[in-house]
Amino acid sequence: MQSKISCFNKTIFKKNLTRFWPFAVLYGVYLMMVHPMVMYLEISNNMQNGMDTKPWQVVGDHFTGMTEPVSVFLVAIVIAAAVFGYLYQSRSANMIHAFPVTRTELFVTNYLSGLALMAIPQLLAALATNLVILGKANSMIWAVWTWFGITFGETIFFFGFACFIVMFTGQLLAAGLFYMIWNFLYVASVMLINAVGELMIYGLSGALISAISHPLFPVAYLLRKVGFYMDGSTQIYHVQGISTLLIYAGVGLILTAFAWYIYQKRRIECAGDFLSMKWTMPVFRWGTAIVVGAAGALCWTYLTGEYTSQNRMVTKFVIFLVICSAVLFFVAEMFIEKSFRVLKKRIAMECVSCVAVLLIGVGLLQLDVFGIESYVPQTEEIRQVALSGNGNVSFEDASDVEQVRALHKLIVDHRKDQKAQMRNGAMEQAAVVGDVDGSASAENAYYYDYIGITYTLNNGKNVSRSYQIVTNDTSFKELLTAQCEGLFNDPEALKRSYFGMNYKELNWQLIGAGVDHARVDERGEYFYDSDPVYGSQEDLQKLFDAVLADFDAGAFSDYGWNGASEVSATMNLTLRTDHKREEIRFASDGGYMSYFDGEELPNGTQVYSSLYLTDRCTNIINALIELGEIESADDLRVPEGDDVIYEKY
Amino acid sequence: MIRITDVVKDFDGFRALNHLDMHVPKGAIYGLVGPNGAGKSTIIRHITGVYKQDQGEVKIDGTDVYENPAVKAKFAYIPDDIFYFTQANTIDMMKYYKGIYPKFDAELFSALADCFPAVDVRRNIRSLSKGMQKQVAFWLSVCCRPELLILDEPVDGLDPVMRRQIWSIIMNDVAEHGTTVLVSSHNLRELEDVCDHVGIMNEGKILIEKSLSDLQGSVTKVQAAFAGDMPKLPDGIQVLHKTTTGRVHTLILKGEPKEAEAAMAATNPLLLDVLPLTLEEIFIYELGGVDYAVKDFLF
């Protein structure tokens, strides 16, 4: 005899709500404080202080800056651990599963009650915010309910995810730990791979930014991609990322289905164990040994690696990796077994296998079996390439791209010599740096520079390399300089890096400028002062023409230039174009606008850039004199009395 | 009522239940005894549908128990270590049981209040003593109107008066409703008074499973004295144990008391007495040297 199929139990649902209401109340209080209360205060302050901002703008701005994914992320695991917490103690697990209810009924009821514990405070906060807006702004009501919809969608994702984690862990500590691990796993793995890659592969450089905004890092991705924004051109608020939200909510439901499936298979006798599913145990052991072991070995290597050559650091890293991963393999097993007595033959053999796999992986990287070190993209694959070193330059033309590829190949072909020089030179350098009586010689120490190459491929992907170039080898240096000079000194390439790849189409207008230069105060101490440039739009445009003229004259083309400059100042430019931000094609490596994102204006975009002024910037200096900003080039010099003449960086 | 066939359960390489067979007849009060670690609680968790066996069948009324709420609604289970929700009082738990068990009798709950005068129904159950918590568990379980009561060390931690009262409630329930009772304990003396069937477990197996009357009829204790040395006993009489004090010989014989008496009488003893055996003695002599651990727990 089988009972009728039931998926919901009213009694359990009610019991969950009456047991765990304090969590909902705390969450509700938080939401009430950050939404209706803050909005009430913002609108009231705005009205009392007679500010220009309209109440609807206050409402829009409030929701634009919302950070709900963070709170939903945290609350979800707390609620999931509460409603399914009976699985973590054998006493409660045995009793609950002896009751005449199926696991499906338990799961669905607990899931819905957990969802209710999160959604009810959200709904109440939305209602209260609605009332505040009705009373104070009477506008943008749709934003409140859109916020509620977005937050609820995020709740479905994070709560489903939390339930999934709870189902394959056997104790509260493990649930919290794995929830955090899985959320940050992608970004941590990318960081780790980059760090190991940088250590072991000549020229590899990190790409953390892309990892942070990756869908596998849900909190950060939802924060960036889903929410409100204001269209600068129309001053109207819009919602972005609804399709992203729906995908996440769908994934949340899939994870919930997985959680239900795992619950069906879950061994109740695992209550209190670290992990509930047997197949996850080796995954945990190996994962801990590889990921945490590699991270530990890296930290250890860098903490003890000062003045050590890259090759010596790789050797140290490999030794530390073996130690860390082996130790952590057993530590993971201790968590699983809840015992210190884990030194068993089977585990020891598994540990040896794990370490062997790691060593093979390291060996493959070192031998460049995957061709990462020697990789140079094909010309037809490349859309754009940026070169950095003594200046930033960007290219799109096939012939220019081919020249950069030739430079890249030259470096790659000389990598063995370069690494050998670093190994030999670093030992000497270490001795010199560690020398306290000054008896050692730095003759063999190596001196280096950097060259960075960033390709943007036709498929949208970026390939970045950053090379440490040993400049002691004069023959190689000459060869490299010959290749670099033409590229770094190309005025057009420099302008593209400063003002965008399509700067000619953008018709930049200079709408503001300022000059930062050194001054001496009455106590004789240096400080940097910033003077705005005053003038009409026509005057500013003349100044901008002078800037472009100095670019064309090679004032900023400084590869191989080792001259000293008495002029030392920075000029800040505020530029405006009628084109939208997405129409500006920034250089692959961001160029000189990399630190300043373009600001969307009602009818265009505003960007910022800055230039380092030297004696060679004659057109700019003359324009500044004409504008009355300075009397002569001396005003841009480091003040008298100082013995230091600024060397070009 | 309960039929367990060839059940195997392993925990990380340790075999907790080893091809276990067990049968609890309907209406019986079945005592499950065994030393610590024998697997009593493990098999009870299979019977209650908490654990899933690796092999074999666990059926109640001919139906699998696991994930079957209709079957689970037929029994009430009182574990050794009872669970109550945090902050819950007896009334809260009664409401919960009422929502979970379809046959829960709220009127009976009120009627039984007099049997548990020491239980403050408005007080948090977790703040009550272990004995009080057990009383609440019995109170709630009986009100579920179960066809089967499954009790794991039920009166452990209770004072003698309360033990008697609990057993009285159980016996009344059995008498009135024909409830089947499965009770696990390591207190043989207590089980002897209430059980009509007994199963003894060791190392994940049921070693002996019989009705109490069958057990009592299977072993006989005889005291006999002879003029000289004890003569050779007739063929077919199996002596499980023998002690001699002076000319008096105490024999534990396999077989029914009447048969044993007749066989001994044929040896012309000066004195012959057939004495009753306690359940404890029966187990000791039945098991003989089967397992030292079993003897340990019996003494």
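**Strand pairing, domains and chain contact in the predicted model**

In chain B, strand E1 (residues 2-11) and strand E2 (14-24) run antiparallel and are joined by seven bridges. Within this pair, B:Ile4 is placed opposite B:Met22 of E2(B). The structure described here is a predicted model. E1(B) and E2(B) belong to an open sheet of four strands, ordered E2-E1-E4-E5 in chain B and paired in the antiparallel sense. At the edges of this sheet are E2(B) and strand E5 (63-64) of chain B, each of which pairs on one side only. Strands of a sheet pair through backbone hydrogen bonds, in either a parallel or an antiparallel arrangement.

Strand E9 (residues 197-202) of chain B has two pairing partners to report. With strand E3 (residues 29-33) of chain B, E9(B) runs parallel, and four bridges join the two. B:Leu32 has B:Gly199 in E9(B) as its bridge partner. With strand E10 (residues 205-211) of chain B, E9(B) pairs in the antiparallel sense over six bridges. Here B:Ile200 is bridged to B:Ile208 in E10(B).

E9(B) is mostly covered, with six of its six residues buried. In a regular strand the side chains alternate between the two faces of the sheet. Both faces of E9(B) are covered: B:His197, B:Gly199 and B:Met201 are buried on one side, and B:Val198, B:Ile200 and B:Asn202 are buried on the other.

Most residues other than glycine have a negative phi. B:Glu203 counts as partly exposed because it has 17 C-beta neighbours inside 10 Å, whereas a buried residue requires 20 or more. B:Arg145, likewise not a glycine, has a positive phi of about 50 degrees. The loop that holds B:Arg145 runs between helix H5 (130-143) and strand E7 (148-152) of chain B. B:Arg145 has 18 C-beta neighbours inside 10 Å and therefore counts as partly exposed.

In chain A, a positive phi is found at a glycine: A:Gly227, which follows helix H9 (residues 218-225) of chain A, has a phi near 150 degrees. The buried residues of H9(A) are A:Pro218, A:Ala220 and A:Leu222.

Chain B is divided into domain 1 (2-212) and domain 2 (217-298). The C-alpha centres of domain 1 and domain 2 of chain B are 36 Å apart.

The contact between the chains takes 20 residues from chain A and 23 residues from chain B. On the side of chain B that touches chain A, the elements giving two or more residues are helix H2 (69-72) and helix H3 (90-100) of chain B. The most is given by H2(B), with four residues. By class, this side of chain B comprises 14 nonpolar, five polar and four charged residues.

Note on methods:
Residues are numbered from 1 along each chain as its sequence is written. Chains are lettered from A and ligands numbered from 1 in the order in which they are written. This is a predicted model: local features need pLDDT of at least 70, side-chain atom pairs count only at pLDDT 80 or more; totals for chains, interfaces and linings use all residues. Two residues are in contact if their C-beta atoms, placed from the backbone, lie within 7 Å. Ala, Val, Leu, Ile, Met, Phe, Trp, Tyr, Cys and Pro count as nonpolar, Asp, Glu, Lys and Arg as charged, and the others, Gly among them, as polar. A residue is buried if 20 or more other C-beta atoms lie within 10 Å of its own, exposed if 12 or fewer, and partly exposed in between; C-beta atoms are placed from the backbone. Two strands pair if DSSP finds at least two bridges between them. Domain bounds come from an automatic or database domain assignment.
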